[in-house]
Amino acid sequence: MKRGSPPSVRHILVVDDDDRIRELLKTFLTRSGFKVTAASGADPARRMLDALDFDLAVLDVMMPGEDGLSLIAWLRGRPGRTGRLPVLMLTARGEPGDRIEGLKLGADDYLAKPFEPEELVLRIEAILRRASEGTVNGGAALSLGPSTFDPGRGELVRDGHPVRLTEAEVSLLRRLALSAHEPVERRELIQADVDPSGRAIDIQVTRLRRKIETDPRSPRYLQTVRGIGYMLAPD
């Protein structure tokens, strides 16, 4: 049985092979009101994820042995809440390829090293806020061709089978579902994602189209509205 934290205390998993950075993150995040558990690599992180409940994971990409990208891929393959755990990547500033790959694998956001601790907290708070707001957004289930999306449950079913979604994907679908058949400005989605480049939103849309659309290259349900943003067009 997993041992959870009190509801008011958000539990963060920090995974970094650098002892100094790991301890600095643990100290700063603890002072910011989080409960923090730290792991020095992928193997101990897996054991902790199997034994404890977390609200978010901060993963360093560049680690000896198994890197953070592999760990994200493993995490997204896990069932239930663990597989949807929000993830913030820590990447080397000169490695945009790692950031893009991490977003494609299902990371919610990234932060390049070196970074200001205050920015790390702001990004964590933004991710957790999206996840928290999503849990109270209800509404009727939406028909998307062979798929059905239930905003209240945050569940996508295709051809009778559940489809795995990340918390970021659930949050994006819920926001679009609130304004079904009406375009949502890309700027609004970017601001909610705390990613000034907008790259994370574009990658999430691409991932969702693969899960929803019969032909992702010619989307019927998750449409691009030129010059504005994106629109969800259920049946």
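Author: Two strands count as paired if DSSP finds at least two bridges between them. Strands here are DSSP runs (E, at least two residues), as are helices (H or I, at least four), all numbered from the N terminus. The model is predicted, so local features need pLDDT of at least 70 and side-chain atom pairs pLDDT 80 or more, while totals for chains, interfaces and linings use all residues. Residues are numbered from 1 along each chain as its sequence is written, and side-chain values use heavy atoms, leaving out hydrogens and water.

Reader: How do you know that strand 4 and strand 5 pair?

Author: DSSP finds five bridges between them, in the parallel sense, and at least two are needed. In this pairing, alanine 92 stands opposite lysine 113 in strand 5.

Reader: What about strand 3 (residues 56-60) and strand 4?

Author: They're parallel too, over four bridges, with aspartate 60 opposite leucine 90 in strand 4.

Reader: What makes strand 4 largely enclosed?

Author: Five of its six residues (87-92) are buried, so the rest of the structure largely encloses it. Buried means under 20% relative accessible area, with a 1.4 Å probe and protein chains only.

Reader: Which residues of helix 5 are buried?

Author: Asp98, Arg99, Gly102 and Leu103, within residues 96-105. Seen down the axis of helix 5, they fall within an arc of 130 degrees, so they line one face. That arc is taken from the directions from the helix axis to the C-beta atoms.

Reader: What do the buried residues of helix 5 pack against?

Author: Helix 3, strand 4, strand 5 and helix 9 (199-212), where contact means heavy atoms within 4.5 Å.

Technical notes
Buried < 20%, exposed > 50% of the residue type's maximum accessible area, 1.4 Å probe, protein only.
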